[in-house]
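Hi,

Here is the model I promised to pass on.

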There are 2 protein chains.
Amino acid sequence: MRHYPASIKRLIAAMTRLPGIGEKTAERLAMHILSMPQKEVASLAESLLEMKQSVRLCSLCHSLSDADLCPICRDPSRDTGVLCVVEQPADMAAIEKSGAFTGRYHILQGVLSPMCGVGPGDIRVQELFDRIGKGGIGEVILATSTSVEGEATAAYLAERLRGLPVKLTRIASGVPMGGDLKYVDAVTLKRAMDTRHGV
Amino acid sequence: MRHYPASIKRLIAAMTRLPGIGEKTAERLAMHILSMPQKEVASLAESLLEMKQSVRLCSLCHSLSDADLCPICRDPSRDTGVLCVVEQPADMAAIEKSGAFTGRYHILQGVLSPMCGVGPGDIRVQELFDRIGKGGIGEVILATSTSVEGEATAAYLAERLRGLPVKLTRIASGVPMGGDLKYVDAVTLKRAMDTRHGV
């Protein structure tokens, strides 16, 4: 990189700190940005700063928001009786994309992970109990991921919520749609067998 | 994307305009940028703007530079008698990385392409003749790429430079190092045969 002017080297260095961007990609991006109109570069830089400054967490569901309440918590057409508990805003985005859910969310902002020292006090567990405690919620869907930590978090929440007057469900796990059985791993197949349902 | 706050949507839209960055990658980058310290985000935005503002073309070789002359043209240890003609600054960067060349460069800033309406007047051909005309250059290496346009540009330059008192050379093309002959395409193999040399 030493033959590039210092300002290009600085941008390349800053971009390689982003996930999935190596030196080659950063170099290609820098060359493209050089060829972009000044106005577009300014707008890109500004949207970076603006996002960082304006985005905060929704005070109700802890999802990303640019106001006190996020667009979903503000939406009067959403079903307030069903709560879907996910780990991260990106998980919420994925479920929204599927169009399979019309209720509201609760974003934990993490998973329980004793190995990394993350306990119930470090994620939004208390806030979840507070929301359920206020009443009006008939079902809580545990939609944490099926990783070891996600499963443990779902089990922990199920244990602690069991006494409350809400229906508890867990998203199904099994063979992915379009999946070929012979390529599916043993743990997934076992789960698909164990949680088989009538048709 | 509709469930993200507007400022995140704007950044994702701006990033998907960059080459090789789709919606998924832009979303992942935006989530990462949100988790970065404010100072780092500000520094990234600033390096974008600074690069765009400070980078111009070297007045001698037309490479990217942040001063009137680029670091290579300023370097007194470089051999001023050999000129390597390339298409783009990135090609120069690739040759520099190889460490195989210690002379100076001339960046054409493009290739001849009648299909796209690019003629000799649209790239830095006249500037190349002016540099050679000033004397002191003993060899001109034509290092345009081996694409159809790159080859045509090299042939055009060779034709026009033939009368001048400089040695004209073309970078070798053939089987890449570490390449397995059976996977090399026919055109490359033909070229490797045609330009074979004594050992």
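Let me start with chain A, where four strands make an open sheet in the order β4-β3-β5-β6, with parallel pairing. Strands here are DSSP runs of E with at least two residues, helices are runs of H or I with at least four, and both are numbered from the N terminus. Two strands count as paired if DSSP finds at least two bridges between them. The edges of the chain A sheet are β4 (104-107) and β6 (167-170); each has a single partner strand, so one side of each is left without a neighbour in the sheet. On average, neighbouring strands are turned by 25 degrees against each other, direction ignored. (For this and the other angles, axes are lines fitted to C-alpha atoms, for helices over the stretch in contact, and angles run from 0 to 180 degrees between N-to-C directions.)

Before I go on, the ground rules: this is a predicted model, in which local features need pLDDT of at least 70 and side-chain atom pairs count only at pLDDT 80 or more, while totals for chains, interfaces and linings use all residues. Residues are numbered from 1 along each chain as its sequence is written, chains are lettered from A and ligands numbered from 1 in the order in which they are written, and side-chain values use heavy atoms, with hydrogens and water left out.

Back to the chain A sheet. Strand β3 (residues 82-86) pairs with β4(A) in the parallel sense over four bridges, and A:Cys84 stands opposite A:Tyr105 in β4(A). Helix α5 (residues 89-98) of chain A packs on the sheet, touching β3 and β4, and its direction makes about 155 degrees with that of β4(A). Helix α7 (residues 148-161) of chain A also packs on the sheet, touching β3, β5 (139-142) and β6, at about 170 degrees to the direction of β6(A). Contact means heavy atoms within 4.5 Å throughout.

Chain B has an open sheet of four strands too, ordered β4-β3-β5-β6 with parallel pairing. Its edge strands are β4 (103-107) and β6 (167-170), each pairing on one side only. In chain B, strand β3 (residues 79-86) and strand β5 (residues 139-142) pair in the parallel sense over four bridges. Across that pairing, B:Leu83 stands opposite B:Val140 and B:Val82 opposite B:Glu139. β5(B) and β6(B) pair in the parallel sense over four bridges, with B:Ile141 opposite B:Thr169 in β6(B).

As for the domains, chain A is divided into domain 1 (6-54) and domain 2 (77-181 + 186-192), with bounds from an automatic or database domain assignment. Taken over C-alpha atoms, the centres of these two domains of chain A are 36 Å apart.

How do the two chains relate? Chain B can be laid on chain A with an RMSD of 0.1 Å by a turn of 180 degrees and a shift of 0.0 Å along the axis. That is the relation of a two-fold axis. The superposition is by least squares on the C-alpha atoms of residues with pLDDT of at least 70 in both copies. In chain B, the C-alpha nearest the axis belongs to B:Ala45, 2.3 Å from it. The copies meet through the same surface, because 100% of the interface residues of chain B are also interface residues in chain A.

One helix pair is worth a look here. Helix α3 (residues 38-54) of chain A packs against helix α3 (residues 38-54) of chain B at about 175 degrees, with the axes 9 Å apart. The two are therefore roughly antiparallel, the term for angles over 145 degrees. Residues making the contact include A:Val41, A:Leu48, B:Val41 and B:Leu48.

Cheers

Technical notes:
Angles under 35 degrees count as roughly parallel, over 145 as roughly antiparallel, 65 to 115 as roughly perpendicular and the rest as oblique.
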